[in-house]
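Subject: Structure handover

Hello,

Here is the structure I promised to pass on. Please open it first, then read the notes below.

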Amino acid sequence: MNEQIDFKKAGFPSRESYEFPNIVNIEVYRGKCFCNCVHCPVGITPPADRNERFGEESIDVGLYKKIVSEISQHPHSTVRIHSVGEPLIWKDIVEALKFTKDSGVYSWIFTCAATKDVKLLEDICDNTSIVEVSVNSTDSQNYIDTKGIDAFDMVSDNIKHMHEYIKDKKLSTRLIASRVESEDILKDQGFIMYWNSSGLLDDVFVRSHHTYNAIIDELPSEKTAHKHEPCLVHWARFNINTRGDAAVCFNEFFKKELDESLIYGNLKEHTIQEIWHGPKLTALRRAELSGDYSNIPFSKNLPCIDCYSCQPLFGNKQTSEHQIKNPGGAQNDN
């Protein structure tokens, strides 16, 4: 039996993803955010309570650079800058992105862009491969309803400024915008039509609604018959928090405490590749494929078993890899 058959039988979509994850999600900052989004655990937490709920901390820039240096050895892999809060608040964001770019690593930042610091946005465009703005709306009222602050005009102006800056400097940066799925299909479709017609963006899409592993209520339409499927995350993504912990699911970082049993290892002590092929993640992949979780040491608290909004490993559902490998034209992304 050759390697081609082996990695496919193990569930990996490609030889590259078998060797190393397609996307490494790094939580660079946690605690504060400019917005109060109704679809985000940080957003639904009153600002005065966020410090107690999430703490406020950021990843050590030295650890970040160690992680990126390993990723740089795998040209197919992308670093995605995430935050349990707003990553633009991280004081080392520009230094980190410059290092990522200089290391030849493809990068993606997810931001609300609700800032008056235009120079910061320009620095982000200069040093990031994909800038995703979670503008979520087409008008001020819907922005207030879903993002919780009156900043639609400011964010719209920032999108226009970034578009013009990228164009004037002839940057290869992709500027994209997203919305979180709602119960109003017409509003979701209208979001895509509105921002596509603006001519300011390389792509516009609607992200699937997520409960963040039971932190947020399901949408009414989600409260139907559920069927769990093997999740793409375990075969293509890697999730690291501000402390260097690699965990089962990025959504676990939104909880007040990260369950130690759901940690694969720590990047201060191990490499991504060691953990990627380590016993805990290998056992979880086998359980996901077989449906039998009884032989893995952390099955009692594993969120995957009852997760019905995962990114399916099999099938043709469009995923974030689309933005990296086949840019343009997406309407749904995960």
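Start with N241. This residue touches E27, I59, F253 and L258, leaving aside residues up to four places away in sequence. Contact here means heavy atoms within 4.5 Å.

A word on the source. This is a predicted model, where local features need pLDDT of at least 70, side-chain atom pairs count only at pLDDT 80 or more, and totals for chains, interfaces and linings use all residues. Residues are numbered from 1 along each chain as its sequence is written, and side-chain values use heavy atoms, with hydrogens and water left out.

Back to N241. The residue sits in the loop between strand 8 (237-240) and strand 9 (245-247). Helices (H or I, at least four residues) and strands (E, at least two) are DSSP runs, numbered from the N terminus. N241 is buried, at 7% relative accessible area. Buried means under 20%, exposed over 50%, and partly exposed in between, with a 1.4 Å probe and protein chains only. A polar atom of the N241 side chain lies 2.8 Å from the backbone nitrogen of D245.

D49 gives another picture. Its loop runs between strand 1 (23-30) and helix 3 (50-54). D49 is partly exposed, with 37% relative accessibility. The C-alpha atoms of D49 and N196 are 37 Å apart, and 147 residues separate the two along the chain.

Next, helix 4 (residues 61-71). Its buried residues are V61, L63, Y64, I67, V68, E70 and I71. Their cover includes strand 1, strand 3 (78-84), helix 5, strand 8 and helix 11 (272-276). D60 caps the N-terminal end of helix 4, with a side-chain oxygen 2.9 Å from the backbone nitrogen of G62.

Now the pair formed by helix 5 (residues 93-102) and helix 6 (residues 118-127). They pack at an angle of about 15 degrees, with axes 9 Å apart. Axes are lines fitted to C-alpha atoms, for helices over the stretch in contact, and angles run from 0 to 180 degrees between N-to-C directions. On the helix 5 side, I93, V94, L97, K98 and K101 meet L120, D123, I124, D126 and N127 of helix 6. The residues of this contact divide into five nonpolar, one polar and four charged.

Last, M162 in helix 8 (residues 152-168). M162 is buried, with a relative accessible area of 1%. M162 touches A113, L121, C125, V131, V133 and L175, again not counting residues up to four places away in sequence.

Best wishes

Technical notes:
Polar contact = N/O pair within 3.5 Å; in protein donor to acceptor, adjacent residues only side chain to side chain. Nonpolar A, V, L, I, M, F, W, Y, C, P; charged D, E, K, R; others polar.
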